[in-house]
Every structure is written in structure tokens, then in C-alpha cells.
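Me: I would like to learn how to read strands, helices and ring pairs in a model. Can we take them in turn?

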Amino acid sequence: MLVVMKQDASMAEISGVIRAIEAMGLKPHPTRGVDRTIIGVVDGERANDLAHLESTPGVEQVIPITKAYKLVSREFKPADTVVRVGNVSVGGDGFTVMAGPCAVEGRDQVLQAARAVKRAGAVILRGGAFKPRTSPYSFQGLGEEGLKILAEARQETGLPVVTEVISPELVPLVSEYADILQIGARNMQNYALLEAVGRVRKPVLLKRGMMSTIEELLMSAEYVLSNGNQQVILCERGIRTFEKATRNTLDISAVPVIKRDSHLPVIVDPSHALGHTEFVPSMALAAVAAGADGIIVEVHPCPETAWCDGVQSLTFEMFEEMMVGVRRVAAAMGRPLEGGVRPAVAGA
Ligand code: PEP
Ligand code: MN
């Protein structure tokens, strides 16, 4: 249920409603919007017992949230969420580009990639130190050594780092180094992991599972928000269909659908969706045009020798060229590339 306060409700009236909700053993989630406060209550069926609050001073109305997910829904929070990572925003006025290698392979590889993607306009560095691989015999990542390399690249370039965490036990370690915790497609429904990242105060990049619906993605995000972490970025990275010409099928329509139903920022990963460099630039442009808040792209100093996902990793030249187009389409969409400090946005 949503308890919508009157525009002129006083602080005392808002606290009174919060206390009344708590007195019923329920948990209030107040959101202070630009012109009014909305208090959400999502504790299952019992939230339905709140209708009587309509007669409490300061309350405008009590309305049900119709969607299965609550905290991530636009009904709950109409204003877009802007996730802040250092000086960079995701979901604000700008279009945010994250780029880097699939996996951290070594110091030189990451440092070179970090410098190159920064030069071309990326503002967040990606790189996996823990790799969830389909085969147990494939390279599993450098682990903590990889995290240290990413931290060194951040130190040198100033780019915040997004890197994957693959199990709840690793959340404290990865959080020490990462600026954004990535939950991979294979872990989208790992509920213990979602709860663990929900308890930390670090932004989370949640990738859509390859066999998951948009609603399931939003329900997974709900696990993170309901554990206390509101800083979630959603990522469409392609879903498995009968089509074999591409690695996955990029569900570009997920972007406007998620934008309608949720306040969370949404980015697109054209690298894992298409699986081949040839198709990555056009789908990156499609992502901008569809209204995504950013992209995450794999870039490698020497894709032929990459230990992981070389066929879909752009060379520095390809990335630079792609960024010329991304910049143009982003400008046409009224969303210049995100590039640094921005003023705070109300309701974020
Ligand atoms: C990745 O980003 O490196 C990755 C493994 O992606 P996904 O989880 O989308 O397959
Ligand atoms: Mn990859």
C-alpha cells in the first residue's frame, strides 16, 4: 500500500503516520518527493489493513500498489532514481558508458584498456575478477589479485570500477575494491546473493537472466531494495531465444517497458547480447535511441588473445569509432555523454 501524504503535510504528521504503521508491526518506507511524501508499506497481505489511515491528519489517500514488485515500481516512486558512483551518475541527465575487458587477465591489459576507454569517453571501468563460467575448466578469474589490479587502474585513471560478485561469501571482499557490484545473468535469481548485496551500501548492477522475464528481473531487484539498498542499475544483456545467428537476442523493448514500470536506471550490454564485435556498435546506438541510461561494453587491447569473450570484445579503435556514433545519437536524444560532476537531482 502507498500512504500518500498531503502536499502541505507537516513533519509531525508524517512522523505520526510512520509511528502508526510501526505500531501495527509493519515497516514504513518513506520517500520524500519534490512536492509530497509517500510512505510505502510492502509487508504482504497485512499492508492491506492500512485503509483506516486515510482519516489520519496529513494523509491525502491510501492506495494499493498493483504490481507484484513494490519498492522498484514507478507507482511506489514516480521520480527516476539516479545512482551515483563517485562523480558519475547513472540514470540522470547524461548517458553513461561503462567499458573494459570481460576478465581481468593482468596489470598491463587492464591499465591499457582503462586508459583507452577513458580517452574515448567511458566513465566507468568494467572487468571481471571472479568469472562465472559455463565450464568448470574455463578461466575462473584472478580473484583478489584481479580486484587489486582494478583498484590500481581506478587510482591511475579516476574511473570507478564495476566488477562481478558471484557468491554471498565474496560480497565483503569484492565490496572493499569495487564501486559497483555486478550480479551476473547466471546469478539473477541467487536470492542469498541478492540479499547480501542488499545489505551493503554500494550500487548494484543487476543483469537480466538469460531465461528471465522483465517481471522476474524486477522481482530480483526487489530483493536488493527490500534489504535496504536502493542503488540498483538494471541491465538488459540479451535473452536466449530460438535464434542462433547471435549469442542471445537483445530484447531492446525491455528498455521502454522497464522505464515505464520502474524508477530504476536501465543500461544495455550489447556485447553479451550479440556475441560478436560486428553487431555491437549498431546495438549500442539502438540502446541510446531506445532510452537506455547507458551501456556496458567489452573492450580488449588484443581481442584475438583474450582469455574470455574475445570474439565480442572491441579493439580500442572499434570502441573509439563506436563512441563517435554514441555521442551523436545521445546528443540527438538530448542526453549528452555523462562525463563528471553534476548537480544533485531532487527525488533521487
Ligand atoms: C560479464 O559481464 O562479464 C558477464 C559474465 O555477463 P553476463 O552475466 O551477462 O553473462
Ligand atoms: Mn564477458
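Predicted model: local features only at pLDDT ≥ 70, side-chain atom pairs only at ≥ 80, totals over all residues.

Me: How many bridges join strand 10 to strand 11, and do they run parallel or antiparallel?

Reply: Strand 10 and strand 11 (residues 204–207) run parallel and are joined by 3 bridges. Between them in the chain comes a helix: strand 10, helix 5 and strand 11 form a β-α-β unit that is right-handed.

Me: Which strand pairs with strand 10 in the parallel sense besides that one, and over how many bridges?

Reply: Strand 9 does, over 3 bridges. There, Q182 in strand 10 has E164 opposite. The chain goes from strand 9 through helix 4 to strand 10, a β-α-β crossover that is right-handed.

Me: Which way do the residues of strand 10 point, and are they buried or exposed?

Reply: The general idea is that side chains in a regular strand alternate between the two faces of the sheet. In strand 10 (residues 180–183), I180 and Q182 point one way, while L181 and I183 point the other way. All of them are buried.

Me: Now a helix. What should the 14 residues of helix 3 span, and what is the distance between the end C-alpha atoms?

Reply: At 1.5 Å a residue, helix 3 (residues 144–157) should span 20 Å. Its end C-alpha atoms are 20 Å apart, so the two values agree. After the helix comes G158, which has a positive phi, near 80°.

Me: Which residues of helix 3 are buried, and what covers them?

Reply: The buried residues are G146, L147, I149, L150, A151, A153 and T157. Their cover includes helix 2 (107–120), strand 8 (124–126), strand 9 (161–164) and helix 4 (171–177).

Me: Take A153 as a case. What is its relative accessible area, and which residues does A153 touch?

Reply: A153 lies in helix 3. Its relative accessible area is 0%, so A153 counts as buried. Leaving aside residues up to four places away in sequence, A153 touches V110, L111, A114, L125 and G158. The C-alpha atoms of A153 and A114 are 6.5 Å apart, although 39 residues separate the two along the chain.

Me: How many aromatic pairs does a search of the whole structure find?

Reply: The search finds 2 aromatic pairs. In one, the ring centres of F139 and W307 are 4.9 Å apart and the planes are at 90°, so this pair is edge-to-face. F139 is in the loop between strand 8 and helix 3, and W307 is in the loop between strand 14 (294–298) and helix 10 (316–332), so the pair ties together parts 168 residues apart in sequence. F139 is partly exposed, at 22% relative accessibility. W307 is partly exposed as well, at 47%.

Me: What is the geometry of the pair formed by Y191 and Y223?

Reply: A pair of aromatic rings is described by the distance of the centres and the angle of the planes. For Y191 and Y223 these are 4.5 Å centre to centre and 25° between the planes, and the pair is stacked. Y191 belongs to helix 5 (residues 191–198) and Y223 to helix 6 (residues 214–226), so the pair ties together parts 32 residues apart in sequence.

Me: What is the relative accessibility of Y191 and of Y223?

Reply: Y191 has 34% and counts as partly exposed. Y223 has 30% and is partly exposed.

Note on methods
Residues numbered from 1 in each chain as written. Chains lettered and ligands numbered in written order. Heavy atoms only, no water. Helix = DSSP H or I, 4+ residues; strand = E, 2+ residues; numbered from the N terminus. Expected span 1.5 Å × (residues − 1). Buried < 20%, exposed > 50% of the residue type's maximum accessible area, 1.4 Å probe, protein only. Contact = heavy atoms within 4.5 Å. Phe/Tyr/Trp six-rings, centres within 6.5 Å; stacked < 30°, edge-to-face > 60°. Pairing = 2+ DSSP bridges. Right-handed = clockwise from strand over helix to strand, strands pointing away.
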